[in-house]
Amino acid sequence: MVKTQVAIVGGGPAGLLLGQLLHKEGIDTLLLERRSADYVAGRIRAGVLEPGTVSVLEKAGVASRLHAEGLPHDGVEIGFRGHRHRIDLRSLTGRSVTVYGQTEVTRDLMDARATSGAPSVYEADDVTLLDVAGSEPVVRYRHRGEVHEVSCDFIAGCDGFHGVSRRTIPAAALSLYEREYPFGWLGVLADVPPPWHELIYANSDDGFALASMRSPTRVRCYVQCSLQDRVDQWSDARFWAEFRRRLGGEMAGRVPDVPSIEKSIAPLRSFVAEPLRFGRLFLAGDAAHIVPPTGAKGLNLAVSDVFYLSEALTEFYRAPSRADNVLDNYSVRALRRIWRAERFSWWMTRQLHRFAGNAFDEKMQQVELEHLFESRAAQTSMAENYVGLPL
Ligand code: FAD
Ligand code: DHB
């Protein structure tokens, strides 16, 4: 049977980055991904990196294109009732965020893995995790019709919300916390120079809109939509008309009708499964938790999880006698950050979307936003959460 030290299930940012961090420490990994490499590289998702995320990507040796092409942003704007209010991240926290697409992070990590020679199997079907409670777990998978088994010391479940890893853990061993939101986000990517200099999160009477970007010539824009909506019901013309209405003010007039190059709908959810360890299986990234995208935390949390996990595994291989302490510590450290990001993402989502709630809830949203615009302490709190804690 093939042997490796750490079998990584899932080749999204969490799995790829873990592989790279462990490779730097001389720890062998095998990465198994259900989809093709082209599919993984083509997915359009998050766009904002915390400084802590950038420092982990530096440590992993995959930050040179990020430094050349990433866009540093010193502030974000909140749109409300026709006005835009700037949250000055840099003056409030001394730090800023970097706009660099998850697609690019993934590409940099895939290139680094190919260069390192660490093995990856794409289009691995029917991945099954066996003996995860024992000291020698096995991962079984099918590739091109043939069944393979890999024995390993540890399994890293980095296979996203719908993956097999979390479902392998007995229900009694996990506590699940979940909230679904009654709307989704419709996202559009388009090749046009962004008319805005910084991201605009807009709360309007017609619902939420977010003006973001990927480069000096490419925008990424979102509108809150119904969970029943399908992408084919949203022509480009309908999307831009709605986006302009929600953005409002003079900026609306500067948004042209451009053809979209990608359009997709994502539901909004808050979810945490804890603890993040069951025997020799660890959960990391979306496999363990989901945040609604409003706080831009999903990708950043995947990075902080695998950073802590790489530290725990590295320490284990240096001093196996302290194994249990070190390995449990991963869950404790990661969850502290996860719950903080869950709170912030839930708060941002609640303040910026239209809920079919009662008039009292709407008033509370208005008062909360007015408090944010008037109070330096409230802005500092938001800015600190948005840029994230150092790792
Ligand atoms: P993923 O990126 O989901 O990677 C998991 C990988 O595991 C995938 O490649 C999957 O194919 C693979 N896999 C699944 N099952 C198996 C299996 N059984 N065997 C082997 N491999 C398997 N965050 C933001 O901050 N802003 C956004 O705008 C934003 N938009 C998003 C849009 C969508 C549609 C989604 C799903 C997420 C979005 N996120 C966003 C969240 C962010 O992209 C995720 O938090 C991030 O991708 C997490 O990385 P991950 O590696 O943990 O999981
Ligand atoms: C983007 C996505 C987010 O969820 C967010 O909060 C900010 C930016 C983006 O895709 O650019």
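## Ground rules

The model is predicted, so local features need pLDDT of at least 70 and side-chain atom pairs count only at pLDDT 80 or more, while totals for chains, interfaces and linings use all residues. Residues are numbered from 1 along each chain as its sequence is written, chains are lettered from A and ligands numbered from 1 in the order in which they are written, and side-chain values use heavy atoms, with hydrogens and water left out.

Helices here are DSSP runs of H or I with at least four residues, strands are runs of E with at least two, and both are numbered from the N terminus.

## Helix α1 against helix α10

Two packed helices are described by the angle between their axes and the distance between the axes. For α1 (residues 13–24) and α10 (residues 298–318), the axes come within 9 Å and cross at roughly 35°.

On the α1 side, the contact (heavy atoms within 4.5 Å) uses P13, A14, L17, L18, L21 and L22. From α10 come L299, A302, V303, V306, F307, L309, S310, L313 and T314. Sorted by class, that makes 13 nonpolar residues, two polar and no charged ones. Nonpolar here covers Ala, Val, Leu, Ile, Met, Phe, Trp, Tyr, Cys and Pro; charged covers Asp, Glu, Lys and Arg; the others, Gly among them, are polar.

Buried means under 20% relative accessible area, exposed means over 50%, and partly exposed is in between, with a 1.4 Å probe and protein chains only.

Strand β1 (residues 2–9) pairs with β2 in the parallel sense over four bridges; a pair needs at least two bridges found by DSSP. V6 sits opposite T29 of β2. Going from β1 through α1 to β2, the chain makes a right-handed β-α-β crossover: with the strands pointing away from the viewer, the path from the first strand over the helix to the second runs clockwise. Strand β2 also pairs in the parallel sense with β8 (residues 120–121), over two bridges, and there L31 has S120 as its bridge partner.

An open, antiparallel sheet of three strands runs in the order β3-β7-β4. Its edges are β3 (48–49) and β4 (71–73), each pairing on one side only. Three bridges tie β4 to the antiparallel β7 (residues 97–99), with P72 partnered by T98.

R65 belongs to helix α4 (residues 64–69). Is R65 buried or exposed? R65 counts as buried because its relative accessibility is 17%. Leaving aside residues up to four places away in sequence, R65 touches G70, Y100, E104, R107 and D108.

## The eight-stranded sheet

The order of this open, mixed sheet of eight strands is β6-β5-β13-β14-β15-β12-β16-β19. The edge strands are β6 (83–87) and β19 (289–290). Helix α13 (residues 376–387) packs here, touching β5, β6 and β13, with its direction at about 65° to that of β6. Helix α11 (residues 323–352) lies across β5, β12 (175–190), β13 (200–204), β14 (207–215), β16 (260–274) and β19, at about 125° to β16.

Strand β15 (residues 218–225) is largely enclosed by the rest of the structure, because seven of its eight residues are buried. β14 and β15 form a hairpin with two residues between them, paired in the antiparallel sense over six bridges, and M213 stands opposite V219. Seven bridges also join β15 to the antiparallel β12, where W185 stands opposite Q224.

L186 is part of β12 and is buried, at a relative accessible area of 0%. Not counting residues up to four places away in sequence, L186 touches C221, Y222, V223, C225, W234, F239, K263, S264 and I265. From L186 to L30 is 156 residues in sequence and 35 Å in space, C-alpha to C-alpha.

Definitions and conventions. Axes are lines fitted to C-alpha atoms, for helices over the stretch in contact, and angles run from 0 to 180 degrees between N-to-C directions.
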